Each structure stands twice: as structure tokens, then as C-alpha cells.
Amino acid sequence: MSKSNFTRRGLLKTGTVVTGAGLALPTIFTSRASAYTNEPTGDTVTFGFNVPQSGPYADEGADELRAFELAVEHLNGEGDGGMMSTFSSKALDGTGILGKKVAYVTGDTQTKSDVARASAQSMIQKDGAVMISGGSSSGVAVAVQGLCQEAGVIFMAALTHSNDTTGKDKKANGFRHFFNAYMSGQALAPVLGKAYGTDRQAYHLTADYTWGWTQQASIAAATEALGWKTVNNVLTPLAETDFSSYIAPVLNSGADVLVLNHYGANMVNSLTQAVQFGLRDKMVNGKQFEIVVPLYSELMAKGAGANIKGVYGSMNWNWKLEDAGTKAFVQSFGTKYGFPPSNAAQTCYAQTMLYADAVARAGSFEPCAVVAALEGFDFDGLGNGPTSYRAADHQCFKDVLVMKGKDEPTDEFDTLDIVEITPRAQVEYEPDNPMFAGGDLGQCNNGA
Amino acid sequence: MDALILQFLNGLDKGSAYALIALGLTLIFGTLGVVNFAHGALFMIGAFCAVTLSKIFALSHTTIDPEKLDFLGNPAKIQSPYLVEWFGPNVGAAMIDWAVPLAILFAIPVMIAIGFIMERGLIKHFYKRPHADQILVTFGLAIVLQEVIKYFYGANPIPTPAPEMFRGSIDFGVLIGFDPNAIIYPAWRLVYFLFSCLIIAAVFAFLQFTTFGMVVRAGMADRETVGILGIDIDKRFTIMFGIAAAVAGLAGVMYTPINSPNYHMGMDFLVLSFVVVVVGGMGSLPGAVLSGFLLGIVQSFASMNEVKSLLPGIDQIIIYLIAIIVILTRPRGLMGRKGVMEE
Amino acid sequence: MFGLERKDTTLFLVVIAMTMLAPFLLNPFPQGSAMAQFNAGYPDLMQRFVIFGIFAIGFNILFGLTGYLSFGHAAFLGVGSYAAVWMFKLLSYNIVPALILSVIVASLFALVIGYVSLRRSGIYFSILTLAFAQMSFALAYSVFTPLTNGETGLQVYTSDPQYLLGNGPNVTHLFGLEMRSTTTLHLGNWSFDFGVGYYFCAIIMLISFYVAIRIFRSPFGMMLRAIKSNQTRMNYTGLNKRPYTLAAFVISGMYAGLAGGLLACMDPLAGAERMQWTASGEVVIMTILGGAGTLIGPILGAGFIKYFENIFSKINDGVLHSWFSWLPDGIENFVVKVLAPFFGEGWSLSMGLMFMLVVIFLPGGLVEGGRRIGAMFGRGKADPAPAPKPAE
């Protein structure tokens, strides 16, 4: 690489000079300033995929990484092209992006916000990444999104379900394709009402941290609107593995529904143990006792085994959908890896495609140009049906799936059934909804 | 009242796991004087013995069924377990169903072997080294062991259900004279509690009533004198390490239906089991058992809504609070011998 | 020089040279070459090297000198970070008040925990510190969320008061000198980054290191060492050791708080995981890996661990394939398959193996390794007293 190729730090510095804020440094060292952070000047452009590779979500991270690799392959014209052929925007042609081949670096977030930021920093400072994607927890997503905003690169959030990511912690440089806790509540409540009636007493067990709280609030609000009563909401420690002391009081609390606001290993354990306590065989208030898991993932369903049979939950996407985009993606992913993709994988693939397409349409990798291209962008063919990125908060609006644990699985991948595809209109909300209020998108940051 | 009894049962159940892990840990400390940070990993490996046996039992030969299609539209592969083919649908299926209890037989030799290898290959060289070095090397070993398991089994929890007949819950209240349906308790958790009582009793009986156990106890009290008497105490201590590993492993095997095993479950228990050992008294076997059950019960009561509403977050810190109080007021632990590790 | 012995002066000068030239030393490979993967000379990581160096130096004052093994030191780092971010939220992005408060808060915290924990020694002391740190972590993650922002981590929002912000910069700065501004020097295919933040941290680290040397060589340090080597004798001489150990505990807590404050100054976000027991375990590992009781050891250990965590974890299968692309296809795939479990997502496996090896074969840590290599090349004979001697 020649001198002028590698000047992203120079531009950080130039920024200081131009804005006049702070003390200027001697400029003798830098040869040329770029227009924005990590402007790709060679024949490649680098993405940073920041996923959990150790810790409890490592398998989820591995699936996300598979989807990223597949997306990069397709962008560079290798493989069968996947959803590129079904994507409604045709700006991408399989020759990379704006004539540059796509390269990528990977990193381990360990599902810790500190480590995730260090890893993202190294992608930005060392590897020259123009876009960071990934995440398996909302805490990490919010932390990395904040970093990308400051550094002047785009963050395409992957798996993050908390309202805060596009609520009080929203950032102009960050975009979320995944759905959120509010949408889960809106999609689930009517189905639950239909299946279990409107006169129910719900008992919530909630993971004691930000995501758990927002999800609990969302579900409680949506079900209470239906006529349900919330009997109790008990916070459980994140590190807990034995939930028996929290489940035992449910038995005689008069509740007839248990809502588990848990994710990952927490959810696998709490659901397994709740089933062992015989909750699902009980009759309370003359009704069959039921368990609800508002946020599902394929890996959790696998981990919980037979215990998820008949349990309702929601999802962003599922490989059993029948549209052309899903079919193309499942075909391409399944052929390469031998099993169907998870909904985390789909959101990662879609986010990579959406970013690439926005760059192609904008004609530049400049973050502000990309932001402008993504804001208010309507598209279809990426598996979720007609979707749009709202300009006000950078949240994607699309249909949400209500799922149910399958009673008679035919093979190891056949764990969940789609009960209902909740139309987008039903899960949409105003940007100033109280659950999302308090944040400020700010201005897009080019970093320079 | 029934709520209290339920929490008491939960406490006994949590305590069973704590007691079994702490028992092995304190056994190793009492005999070899080694602080073993890899003990949680042994618990985890035990759990994965159960997973492995279920997987072996489920080994299948694959036939292609052209009638059905898989998710890609290719002809579906039908898996039929060899066990079912060899032993017929009744015996074969029953074996698969009973994989977790059967894994006890599988885990005992595996765990003893792992214990021997660990002691002879690594720990032996650390007797004379400071505790900090022992902690560090066994902690390194724990990381290596869990990463190896992660490489082969992934990071996701693996469901390992109990046999069909123990899967549900039983009406425990009726057994002790309560109204029906007042105290419903999972059958497997009762099995786990009884199992751990059995193991604890076996370890104590072994140490109390066999010559081997007597020598080991003598060695724990005064290693040098026993050595002067011409007894090869090292060899016996190696065997005790194997037994301690097996106890942790069995605790892991039977724990799998309660908690789908994943590769870092050992780390989850590590800190806790040390707290249990210290509260009970370093090197004291009855102390480890007592404090295991005690901490389990206290933790269960602290998780009750009534307590939590008074002191939010108390369930997260109660164990540590007790540890602090015990160490400050009675440093040799609940049942530690006077003068041992006391200051 | 500096009021130090000749030997210590040499060591100090070497450390000064190393930290000042780190941008060159850590970027030995040209951009775009296959080996560039191993470069560590980018501002964020260099900052982490020196900040965790400070943390480990401080830990070593307690552990290396007195032998008290604290398993809860991360708690002080954590409260230091929280204190610093609160200063950003309330006052402005100037890092001076933030650092001052983080050291003060950490020292108070250390005073309380140390006062209680030092009533016991040995493993009981370790468990006590561990218990305090775990309680801090659990509460910071959940109940104290209004104060710590829980899982997401404490950060500065535009709605925060920031009473002294005025027209000042919106990034952390030292009286206007922005921590994140960086200058790049290009020499042929090489590029070297000089970050303000890094040099600020490096200077703080050098000061901390200097103070640590003075403590090691002072009568106070001698006293601490006496506590480690023979407590009974200390008691017989009629000396009360607790004031000394408590002082050492608080000093090392202040170092941890300073490190936590610096972390927040370089990146204004403080997460509760910083206080988890694994984080406390990390500093223990750094210190022992580098060489407990030696002056330079903890810094080396910190660098070693952070390098692994940040560089090794990024070597994925794709990178491995590019390294071995010169091999025939079959062999290339085989080699990558064999190596893959140790790189990328397998970095913790390699690290676990590495420090098992170090503990087994180099009880004195990396410093001892360095000395052995030195002896191998015959320097041992010429110089009977090798440079950094362990404290014991």
C-alpha cells in the first residue's frame, strides 16, 4: 500500500484542525487527509464482524459469522448469489461494492461491552473497517453503536432485541434490522388472547438487567391491554442456573400463565425447570397452566429440547417462511453448511446486503451518504416481506413471526412452527412512544 | 408454610450439588494440600460423560427415504439407532431413555482415570509450590478442559432429559401429610437429593470403615508420621484424588436433567464451591457437606419474593455475605479443626 | 539518576525507551503484508497495554511484596471507571477531575474492603476480597443500575448536565488536548501511529512505575517484604503488621482506580463486567505470568494477556488460509484444520495452554524466562547479578 492509502488517523487529526476544537497537533507527519474515517482507497473494502466467539452465546456468534461469510461471498460474485437475486434493489451486481472486493475481519466480543468495544476499536484503527456488524446482546450492541458513532463508521446491529437500541440509545450511524421487545409484545398478545383467553393471570420471571426489564414492560403492557393481569414480576440474577427457588412460588400464586423474560442459557434452564415442576400439567382457575417465552431463537429451542412443545414465542424470521427470498437464502446457506440458518444468521446476512446496497446506491462509502441512502429505504425480497428503515430512529419495520414449539418434530431442525405472521401495521409505533423516548439520533458522523 | 417447605426442598437440592462438589474439593485440599481450581471443570466433564453416553446410545445408521424430503428438498435421511436395531424396540429404547443413570457406570472409570492423570501428570509437581501457583496452573487447566469440550460439543446447552418415569413431578405434600397439590416437586430433583446423600454416605463410610480410609485419615492428620511408618501415603492420596474427581463427575452426571449442560457450567460453580469449602472449614469433610446444604437452603429462602421485596438483590449476594461473616467471626469455618488454616 | 540505584535506573530508562518507542516496536511488519496481522501498534491496544500495566504494577505492590493474594482487585478498577464517567456526566470531558475522583473513590473503597479483609490472611483473605468484588459486580449489574446503567454500561448522554462543558470539546480531553487525536507517520510501507491518549497513559504509567520502584526500595517496602517472608518473626519483634498491609492494599487499590479512570478517559464507557471475578483473576494471571515481585514482570504479563486477547482472537480461518495458500490445496486445508482450534475463536484455548506452560516451566514468570535466555547467551557469567531480581 502506498502512503496515501492509509490515512484514516490523519483524518481524525484533520478533523481536529478543521473544527478548531481542542489543541491542534503538528501536521508534519500526515500526507493527505481523507474525507471520512477509513475511506477505502485500494481495491478492497473491509467490514468488521464482531460476534461472541467465547462465552454462552458462542454458537450464536458462529452462526452469525457463517451468514456474514456467505454474504461476503455473494457480494464478491462467488456462490449462488443467495438473496441478491430476490432483493428488490438491483444496485449490487456481484462484483464487490463500487468495484471493490469485500474483505472482512472478525473479532470476539465475549458478550461483554468492554471487550466488544476493544475489538471494534481494533477493527477501526488497525484493520480500517468502514462498517461494523454483529452482536448477541443489547448491552454490547448499544456499546458498540456508541463507539461507531464517535469513530465515524456505520454500525449495522445484528441480534439486539432491547427497545433501547433504537430507543433511548439510538445513534445516527447505527441501524437495526432485528425486531424489538415492543414488537414482540404487540405480535404475541393477540395470539395469546386467541389461544388462552383474555382473562389470565400472568407471572413474570425476568432476567435482572436492561433487556429483561424492557421486554417485561413491553409484554406486560401488551397483555394487560388485552385484559390479562400481571400477578407478579420477579427479577432473577443473570448468573443464575437453578431457577427452582423462583419457580416454586409460581405454583401457588394463583397465576395461570408464566412468562419467561429470559434469553440463551437462562431461558433453556428456566423453561426446562418450569416444565419439571409440572407447571404445564396444572389446572389453575379452571384453566390449563401455560408458559410463554416472548423471544425465541433456534439455538434456545434446540437447547430446551422437548420442553418447548406447545410454548408460544416470537421471532424476527424463520427458515420455514415460504417467500422467494427465504427460499433462496435457506438453499444457499443449507447447501454450504448442511443445516438451515437461524434468525440471527438471517439478520446478519440482510444487514450486510443492506449496507452494501446503500453504498452502491449512494455511490460512496461515506457514512453520511450511506445513512441518507438507508433512511426511509423501502425494500423487499430479503426474507421478511416488504420492509422499511424508518428515518426517525433507524429501526426496520416489517412483519413479525409468532412461533410455537412443535409437538411432533420430524427432524432435529424442525423445532418450531410459524403460528402467525403478524402484519407490520400491528407492530408499528410512533418514534415518540414512551418506551422509546428519551434518546437523540444526533447527526451522522463521518469521523473526519 | 408449604411455600417454606418448597423452598427448603429447593435448598436441599441446590445444596446437594454444592455439597458434592465441595466434598471433593476439600478432600483434595485435606489430603494433598492442593487448591484445585479445575474442580468445577471435573463437574462439567462428568456432565458431558452423560451427554457423550446419550450420543453413543443414539448412534444411528442412516437410510435414505425417497418419499420424504429434507429442508433443502433433497431426499430425507432417516436415522435409526443401532441400539434399537440390536436389542429390539423395547430394550433399545429403554436404554436410550435411561442414558443419564447408566452414565454413572460410564463416568466412574472415566473420572477416576482423569483424576489419576491429572494428579500424576500435573498436580504432583505442584505440591511444593505456593498456593498461588497451584491456583494458576489448575485454573489454566480448567480453561483448557472447557475449551476442548467447547470444540467438540459447541457452546449451546445440550438437552439431556431424565428417564421418562422421572420427568414429571410428584405430589410430595401428600407424603408428609399435607393436602393434595400443596407441594408438588419434580421427581428428578428428589432423585438427585437421594443420590447425593448416598454418595456422601459412601465416601464417609469408605473413609471411616476401611483400612484404606483409616490410613488416609491418618495421613490427613499427620502426613509425616504416616510416612515414617513405612506407608506409601502418596499412592493412597492419588487414589483419593481419583475418588474426588469421580464424586464431582457423578454430581455432574446426575445434574444434567436439571440443567442442560454447557461447557462453562464448571466455571459457574467454581467460585461458589470455594465459598462452600471455606465456610465449612478447609479440609473438613463434614463441614463441606453441612455448609453445602446450609448455603443452598439460605440461598433458596433469600430468593423468596417476600425477602426480595424487603432487600432487593439479596439473592445475588447472600452467599458472599455469609462467607464474609463466617470468615470474620469463625475463621476455621463451621467445622474446621482448631489450628488448621486458622489465623 | 532519579534517586534510584544504578540497576533500577537502567531498568527505568529501558522502560521509558520501550513505552516512548512503542508505536515503532509494536508495528514491526509493513502494512498489507501477511504478518501485519501481528502488529499491535494501534492506539486502542497500546493504551490498554499501559493501562493494564498500571493495574498490574499496583496489584504487584500488594501481592508481590506482602504475598496477600487479592481476588477482588477488579472492583477497584470498576469503581474508578464509574467515578470517572460520572465526572464526565456532571462536569465536562476534562479528564483531570475524572482521574482525581477515580483515585479517591477507589482508595476509599479499598480502605473499607481492606480494613475488613486484612483481618485474615492466606486463602481466607482471597475469599473475602473475592466475595466483596462479586457482590459489587452483582449489584452494579442489577440493583444499582440507576448509578451504573447496568448491562449497557455507564455512558455520557447529551441530556446529561455537564455543568462545566461550555464550548469545550465533546470528547475526552486534557485542557483541550483531545485524547483520541492521532498522528500517523508513513515510512515506505510502514505506518506508525502516535496517539495523544497513548502518550498520556504512558507518562502516567511511567510515573506509577517510578513510584513503585521507590516503594519497592523504601523501608516501607522492606517492611512489606518482611511480612511476606516471615510473619511470626514480625510478630515477635512487636511490630503490628496491619497498618503496613492496609497501606499497601490501599495504594494498590489506588493504582487500580487510576487504571479504571484512565480506561474511562480513553473510552468513556464503564461496564459492570470490569468488576467480575474473572477480571480480578486476569490481573492475578498477568502479575504471576510476568513475574510476581519483580518490577517489570507485571507490565510484561499485562502486555502478554492483552496481546493474546486482541490479536490472537482475530486470526480466523480466512487469515489462516491466506498464510498457507502457498501449500498444495489438500495440505493447506489439513494444516488450517489442525491450527484452527488454536486461533480465532480458540484463542482462550491457546492462552490456557500458554500460561499452564509458563507456570509449569517458568515459576518466576516471563522475567525468569528472559533471565534464562540471557544466561544461555553467556551474559550470566559476565554479570553475576542479573538485572531485575525478584523481590524474594
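Trainee: Over how many bridges do β16(A) and strand β17 of chain A pair?

Mentor: Keep in mind that this is a predicted model. The two strands pair in the antiparallel sense. One bridge links A:K404 to A:D417 in β17(A). For β16(A) and β17(A), residues 416–422, the count is 6 bridges.

Trainee: Which residue of β16(A) is the bridge partner of A:M315?

Mentor: Strand β12 of chain A, residues 312–315, also joins β16(A). These two run antiparallel, with 4 bridges. In β16(A), the partner of A:M315 is A:L401.

Trainee: Is β16(A) largely enclosed or largely open?

Mentor: Count the buried residues. The strand covers residues 400–405 of chain A, and 5 of its 6 residues are buried.

Trainee: In β8(A), which residue is the bridge partner of A:Y203?

Mentor: Strand β6, residues 201–207, and strand β8, residues 257–261, are both in chain A. They pair in the parallel sense over 5 bridges. The partner of A:Y203 in β8(A) is A:L258.

Trainee: What is the handedness of the β-α-β unit made by β1(A), helix α2 of chain A and β2(A)?

Mentor: Start with the strands. β1(A), residues 44–51, and β2(A) run parallel, joined by 8 bridges. A:G48 stands opposite A:V105 in β2(A). With helix α2, residues 58–75, the unit is right-handed.

Trainee: Which element of chain A gives the most to the side that touches chain C?

Mentor: In this interface, 46 residues of chain A are in contact with 44 residues of chain C. Elements that each supply at least two residues include β2 (101–108) and α3 (113–125) of chain A. The top contributor, with 7 residues, is α3(A).

Trainee: How many charged residues are on the side of chain C that touches chain B?

Mentor: Here 33 residues of chain C are in contact with 31 residues of chain B. α6(C) gives the most to that side of chain C, with 11 residues. By class, the side has 23 nonpolar and 8 polar residues. The charged residues number 2.

Trainee: Is α1(B) roughly parallel or roughly antiparallel to α10(B)?

Mentor: Two packed helices are described by the angle between their axes and the distance between the axes. The axes of α1(B), residues 2–32, and α10(B), residues 233–255, come within 9 Å and cross at roughly 170°. Angles over 145 degrees count as roughly antiparallel. So α1(B) is, relative to α10(B), roughly antiparallel.

Technical notes. Residues are numbered from 1 along each chain as its sequence is written. Chains are lettered from A and ligands numbered from 1 in the order in which they are written. This is a predicted model: local features need pLDDT of at least 70, side-chain atom pairs count only at pLDDT 80 or more; totals for chains, interfaces and linings use all residues. Two residues are in contact if their C-beta atoms, placed from the backbone, lie within 7 Å. Ala, Val, Leu, Ile, Met, Phe, Trp, Tyr, Cys and Pro count as nonpolar, Asp, Glu, Lys and Arg as charged, and the others, Gly among them, as polar. Axes are lines fitted to C-alpha atoms, for helices over the stretch in contact, and angles run from 0 to 180 degrees between N-to-C directions. Angles under 35 degrees count as roughly parallel, over 145 as roughly antiparallel, 65 to 115 as roughly perpendicular and the rest as oblique. A residue is buried if 20 or more other C-beta atoms lie within 10 Å of its own, exposed if 12 or fewer, and partly exposed in between; C-beta atoms are placed from the backbone. Two strands pair if DSSP finds at least two bridges between them. A crossover is right-handed if, with the strands pointing away from the viewer, the path from the first strand over the helix to the second runs clockwise.
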